[in-house]
Amino acid sequence: MAHEQAHASAAGSLGGGIHLEYDANGIPIGGSVQIAMPALDFNNPERTYSLARQVQSAAQAPGGDMSAADSKVAQSAGELMGRAQVLMGQKNLAHQRVKGV
């Protein structure tokens, strides 16, 4: 439960509720928290970067107790952050050209 609570807390508004799985005796054996991965916003890559960073933080929230699914989400968010950074760089370069810098 603490593992999933860490995800939910870090996800904030991007996260859903905690879903726990129980065995036949009613003992929790697993769980998950749905986290919304943002789409790449070509018009606002800064927002995409910020949201992807929040997703990555939520996936990594349990610290050393990351599952394979946690690692996959963190990696996907990191890749999205990289694409957003490229767009931010292109946007800044275009802005500098317009200003004649």
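User: How do H1 and H2 run relative to each other, roughly parallel or roughly antiparallel?
Analyst: Keep in mind that this is a predicted model. The axes of H1 and H2 come within 7 Å and cross at roughly 165°. Angles over 145 degrees count as roughly antiparallel, so H1 and H2 are roughly antiparallel.

User: And is the crossing of H1 and H2 left-handed or right-handed, and which H2 residues meet H1?
Analyst: H1 passes H2 in a right-handed crossing. By class, their contact has four nonpolar and three polar residues, with no charged ones. From H1, the residues are His7, Ala10 and Ala11, and they meet these in H2: Gln54, Ser57, Ala58 and Ala59.

User: What about H2 and H3, roughly parallel or roughly antiparallel?
Analyst: H2 spans residues 45-60 and H3 spans residues 68-99, and their axes come within 8 Å. They cross at roughly 160°, and the crossing is left-handed. With that angle, H2 and H3 are therefore roughly antiparallel.

User: How many charged residues are there in the contact of H2 with H3?
Analyst: On the H2 side, the contact includes Glu46, Tyr49, Arg53 and Val55. H3 brings residues including Asp70, Leu80, Met81 and Lys91. By class there are 13 nonpolar and five polar residues, and the charged ones number four.

User: Now the pocket: which element gives the largest share of the lining of the largest pocket?
Analyst: About 270 Å³ of space lies in the largest pocket. Elements that give two or more residues to its lining are H1 (2-11), strand E2 (28-35) and H3. The largest share, five residues, comes from E2.

User: Which residues lie nearest the centre of the largest pocket?
Analyst: The lining has six nonpolar, six polar and two charged residues by class. Of the 14 residues that line the largest pocket, those nearest its centre are Val33, Ile35, Ala69, Asp70 and Val73.

Key
Residues are numbered from 1 along each chain as its sequence is written. This is a predicted model: local features need pLDDT of at least 70, side-chain atom pairs count only at pLDDT 80 or more; totals for chains, interfaces and linings use all residues. Side-chain values use heavy atoms; hydrogens and water are left out. Axes are lines fitted to C-alpha atoms, for helices over the stretch in contact, and angles run from 0 to 180 degrees between N-to-C directions. Helices (H or I, at least four residues) and strands (E, at least two) are DSSP runs, numbered from the N terminus. Angles under 35 degrees count as roughly parallel, over 145 as roughly antiparallel, 65 to 115 as roughly perpendicular and the rest as oblique. A crossing is left-handed if the near helix is turned anticlockwise from the far one by less than a right angle, and right-handed if clockwise. Contact means heavy atoms within 4.5 Å. Ala, Val, Leu, Ile, Met, Phe, Trp, Tyr, Cys and Pro count as nonpolar, Asp, Glu, Lys and Arg as charged, and the others, Gly among them, as polar. On a 1 Å grid over the protein atoms alone, a cavity is a set of points where a 1.4 Å probe fits but cannot get out, and a pocket is an open set with protein on both sides within 12 Å along at least five of seven lines; lining residues have an atom within 4 Å of a point. Grid points are joined across faces, edges and corners, and a volume is the space filled by probe spheres set on the points.
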